[in-house]
Amino acid sequence: MSLEAVFLGLIVLPLLGGCLAFLSRPLALPANLVVAVGQLICAFELARTVMAQGPLSYKVGGWDAPLGVNLYADGLTAMMLVMVAVVGGTIVLYTAGAMRSIKDDTYDQQLFWPINLLLLASLNALFLSGDIFNLYVTLELLTLSAVALIGLVGTVDALTAALRYLLVAISASLLYLLGVALLYSIYGTVDWHLLGDQIQVDQVKGDQASLLAIALIVSGLLLKTAVFPLHFWLPPAHSSAPTAASALLSALVLKASFYIILRLWFSVFPYAEFQNAGTLLTTLGVAAILWGSLQAINQTQLKAMVAYSTVAQVGYLFLVFSLASDAAVAWDAWSATVLFAVSHAVGKAAVFLAAGSLQYATGSKQIDSLAGIAREQPVTVLAFATAGVVLIGLPPSGAFVAKWLLLQSAIASGQWPLAAVILTGGVLAAIYVFRVLSLSLLRCEPRESCEPRETRPVPRLMQYATLGLAIVAITLGMMASPMMELLKVDAPFSANPFSADPVSVSTFREVAP
Amino acid sequence: MISWNQWLPLLVIASSLISGGVIFVLDEKRKLARTVLNLGGAVLKVILVGLMLWGVSRGELYEVHFPLTDGLEFALHASPFSLFFVTLSAGLWLLTTIYAIGYFEDSPHLDRFFGFFSFCVCATTGIALAANLFTFVVFYEILTLTTYPLVVHSGKESALRGGRIYLIYTIVGGAVVMLAAVWLQTIVGSFEFTERGVMADVSPEQYGQLRWIFALLIAGFGVKAAMVPLHGWLPNAMVAPAPVSALLHAVAVVKAGAFGIVRVVYDVYGLEFCRQISVTTPLAIAASITIVYGSMRAIYQDDLKRRLAFSTISQVSYIVLGTAVVGPMATTGGIVHLVHQGIMKITLFFAAGNLATTLGVSKVSEMDGVGRRMPWTMTAFSVAALGMIGMPPTAGFVTKWYLGHGALETGQDWVVGVLVISTVLNAMYFLPIIYVAWFKPPKGAWAKERSAGQLETRWSLLMPPVVTGLLTVLVGLFANMPLSPLDWAKFIVDLEYGQ
């Protein structure tokens with residue numbers, strides 16, 4: 001397959017599919033299925049090529065910067081794209097199963113399909129963006145589609161959450177855009193490779209405008225990533241959205257803004273001089289792990305619990321900013337963070353899907369109504385348990401390997417409090433996961449002592465799509481080796497086996513600026 | 001391509017992984033298919049282990065390595081010590097499977113039960129075959145996860161409570177082990193299990209840290225090995241069905257903890273090094289306290305399974321004690337007790353399960369005259385109980401003989417005192433049971449009697465304890481024959497001491 005087709009397949013295919021799904025209702029589901037398969041093939045093909053040839057760049061239409069749009073893919077990009085394809089594809093299957101059998105007349109379910117494709121297109125485009133302005137554009141598109149998904153149900157709760165999310169996300173985008181504009185005015189480029197080189201050369205230290213720009217960019221992104229204490233918008237938004245949307249938001253959308261922070265911090269900004277800022281970010285992460293976990297334990301509603309779990313898990317991603325200040329462990333910490341992000345994406349999507357199925361089966365949002373549900377919904381409870389293991393960070397999940405590496409970095413660099421937090425977070429996660437599982441296994445003896453309850457059957461496609469994703473999540477740790485090899489391609493800390501210049505895949509004539 | 005020698009350890013693990021997975025997918029009503037899968041998986045595993053034993057005796061090397069990241073490797077190997085443990089678990093698992101099929105008969109949720117049952121043994125085999133501490137921890141945690149559904153199988157409030165306590169202990173214990181393992185890795189670099197340890201190049205400045213790590217590892221593994229004061233979960237886990245208790249006490253969980261401690265002392269730190277940083281005496285003291293405390297508590301339990309649980313707490317620490325008394329004889333006693341305790345304790349739990357399912361008897365005070373109603377079961381029970389006390393010619397005698405000799409040999413005479421006290425206490429809680437079972441008349445009708453035709457109970461419940469009861473005597477009688485557990489333990493000890 002030509003690489004151009006791969007690049008275009010990841011962005012243009014979902015966009016076209018989205019338009020089609022919007023225009024023609026009967027074609028909406030087929031369009032989603034075609035895109036799901038297409039982007040899966042494209043993402044794996046891209047990963048394979050990146051692994052073999054090193055980082056790739058593609059000038060859209062053959063136009064060079066500053067006029068053209070430059071797409072770029074290295075190991076990290078490919079990893080993220082595969083993550084989107086696997087999680088997004090499963091969510092499409094799950095939703096297809098849900099809509100075929102479950103009719104909910106309170107809102108227009110079919111609207112999910114075009115918005116979903118728009119969301120996938122903007123995610124793919126975001127990960128492929130080679131400059132910080134395109135990152136802004138794609139981030140904004142992502143926000144808009146996410147808001148639409150949250151508000152889809154149309155209830156007062158959902159609309160309130162959607163509106164709050166919209167306000168937060170738009171202000172965050174504005175902060176980011178302001179930063180980008182400042183950087184452009186100082187360095188005259190938005191391409192993040194060139195920008196990185198310029199900043200290294202010019203020594204940003206002491207340059208107030210650059211520092212301001214970086215601060216604006218980072219704080220905007222922190223708000224979007226919902227790191228403690230900026231997480232206030234997340235639990236209502238993620239728990240009141242339709243299940244498929246919750247899964248997309250928690251698994252993928254948060255990772256997009258985190259990806260930008262990770263990318264800019266270690267590849268563009270002179271992070272070595274920002275040790276204090278790095279420590280601050282990590283402190284926020286630590287607070288997020290502890291606070292999010294405790295809140296999750298306190299929740300009485302299932303999806304709210306899962307949403308707070310996301311707050312906690314996002315905290316783990318921020319440990320890298322302090323850990324990577326020690327060059328000896330930087331690669332371990334950085335690669336572990338990416339592995340954790342991917343692992344959480346797959347695991348959390350499965351947990352949300354399972355939670356949605358359970359909520360549908362019992363017709364209640366409350367955790368208490370799950371008593372004995374394992375009898376009626378064995379497959380879904382098994383999926384919840386399997387993916388729950390990922391949240392706890394036990395083997396053989398990817399989160400386990402990631403936590404091992406994070407712990408190793410923390411101990412090797414002497415950051416013992418972080419080691420303690422990494423382990424405590426796991427124990428707290430075990431409490432909230434097993435609280436649900438324990439309840440679901442309850443058997444009432446005699447039967448009359450339990451309240452009588454009617455449960456609805458959950459469509460098989462929903463059950464098995466969730467279980468499949470959960471199994472992928474739990475076996476991810478055993479696939480760490482190829483993932484690490486992929487990440488090494490143009491990673492900020494590993495010895496790069498490829499030349500610094502990305503291979504250009506454009507078959508068009510280069511146009512001189 | 002990976003060769004046969006690499007495939008074999010994987011297949012030993014996969015045999016129960018695959019049968020477990022298929023059982024999950026299978027419709028719960030298909031009892032015959034499930035039984036075939038269960039027994040097929042268990043028999044296949046025994047055959048594969050047999051093949052591996054045969055190969056190792058001919059000098060074959062079974063190893064497989066998968067790098068996960070630059071520093072972490074998933075690695076399995078078949079060392080003599082691995083094989084020792086894997087043979088025990090594969091053999092006893094087959095018996096426990098037969099027993100479980102008879103025990104549950106037609107009760108609900110058997111697909112879930114046998115699925116996790118298989119996964120649990122898969123994890124135990126992984127623990128046995130793990131070639132480094134990372135792989136060990138992976139399977140050790142999986143064991144926690146897969147045993148939880150078995151412990152809470154009945155779904156009653158009491159079972160869920162027991163399961164909750166079990167999880168709190170084991171999850172925190174697992175976290176401690178993980179911390180220690182990672183810390184160790186940052187100091188030593190790799191931690192491949194190697195005879196006589198991997199500490200050759202460590203500088204004396206790091207001894208302090210290594211002592212801390214040792215303490216953490218022992219504490220972490222001590223949770224599963226039920227060492228006092230980390231034993232609280234075990235009596236509470238008695239709410240589990242009898243086959244699960246048998247599995248927890250004899251094959252999987254408690255054994256995994258003890259095996260972990262032995263691995264740490266011999267194959268990570270090395271005995272010589274342990275003595276050098278003087279951590280063996282504290283370990284011996286901790287083990288002795290556990291031995292005496294467990295036995296003392298056992299005396300006061302009226303619930304038969306709880307009494308056996310406290311007995312396990314005491315008996316498993318014999319393994320740790322043998323490890324901590326540095327000397328070839330004591331080490332032999334400790335290692336061989338890994339198998340001896342397994343055979344004896346599983347017999348006791350099978351018998352206790354038979355009493356409960358056939359007669360509804362679960363308390364010692366209800367056991368008057370059970371010997372007349374269930375002679376085979378109680379014969380097996382009595383033999384195993386006498387073995388626990390240490391009567392010749394049973395397996396338990398061999399253990400205590402070697403432990404005592406080993407202690408005297410190295411001048412640690414106080415250990416003999418511990419053994420004597422423990423033996424007296426063992427007699428105090430086992431002999432009354434044997435007495436009332438055989439010499440007192442029944443008090444009246446049994447609580448919940450179920451008839452099973454000509455036999456005293458179903459054959460699938462009767463055969464396993466009779467076999468293991470017989471083994472208890474045989475491994476004691478033929479302790480000095482080639483291929484006996486003792487012979488094998490001696491071979492392992494020769495490797496550890498470099499003779």
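This is a predicted model: local features need pLDDT of at least 70, side-chain atom pairs count only at pLDDT 80 or more; totals for chains, interfaces and linings use all residues.
Q: How many residue pairs are in polar contact between chain A and chain B, and which elements of chain A take part in the side that touches chain B?
A: On the chain A side, two or more residues each come from α15 (373-376), α16 (378-392), α17 (398-412), α18 (416-440) and α20 (480-487). The most come from α17(A), with nine residues. Helices here are DSSP runs (H or I, at least four residues), as are strands (E, at least two), numbered from the N terminus.

Q: How is the size of the interface between chain A and chain B described?
A: The size of an interface is often given as the accessible area lost when the parts come together. Buried area is that loss (1.4 Å probe), summed over both parts. For chain A and chain B, the figure is about 3200 Å², 79% of it on carbon and sulfur atoms. In chain A, W404(A), L441(A) and R443(A) lose the most area to chain B, together 23% of what that side buries. Counting contacts (heavy atoms within 4.5 Å), 33 residues of chain A meet 37 residues of chain B.

Q: Why is T143(A) called buried?
A: Buried means under 20% relative accessible area, exposed over 50%, and partly exposed in between (1.4 Å probe, protein chains only). T143(A) has 2%, so it is buried. T143(A) is found in helix α5 (residues 132-151) of chain A, and its side chain reaches the backbone oxygen of L139(A) at 2.8 Å. Leaving out residues up to four places away in sequence, T143(A) touches Y165(A), A169(A), S173(A) and K224(A).

Q: What makes the link between N116(A) and N32(A) a polar contact?
A: Their side chains are joined at 2.9 Å, and the cut-off for such a pair of N or O atoms is 3.5 Å. N116(A) sits in helix α4 (residues 112-128) of chain A. With a relative accessible area of 0%, N116(A) is buried.

Q: What makes a set of residues a nonpolar core, and which residues have the most contacts inside the largest one?
A: A nonpolar core is a set of buried Ala, Val, Leu, Ile, Met, Phe, Trp, Tyr and Cys residues joined through side-chain atoms within 4.5 Å. The largest has 394 residues, and W334(A) and Y269(B) have the most contacts inside it. Helix α14 (residues 327-362) of chain A gives the largest share of this core, 22 residues. Beyond its neighbours within four places in sequence, W334(A) is in contact with residues including L76(A), F266(A) and F493(A).

Q: How do you know that the peptide bond from F228(A) to P229(A) is cis?
A: Its omega is near 0°. P229(A) is in the loop between α8 (208-225) and α9 (234-240) of chain A. The bond from P395(A) to P396(A) is also cis, with omega near 0°, and P396(A) lies in the loop between α16 and α17 of chain A.

Q: Why is S278(B) called partly exposed?
A: Its relative accessible area is 47%, which falls between the limits for buried and exposed. S278(B) lies in the loop between α11 (271-276) and α12 (280-299) of chain B, and its phi is near 45°, a positive value in a residue other than glycine.

Definitions and conventions: Residues are numbered from 1 along each chain as its sequence is written. Chains are lettered from A and ligands numbered from 1 in the order in which they are written. Side-chain values use heavy atoms; hydrogens and water are left out. Buried area is the accessible area (1.4 Å probe) that two parts lose on being put together, summed over both. A polar contact is a pair of N or O atoms within 3.5 Å; within protein, one must be able to donate a hydrogen and the other to accept it, and residues adjacent in sequence count only if both atoms are side-chain atoms.
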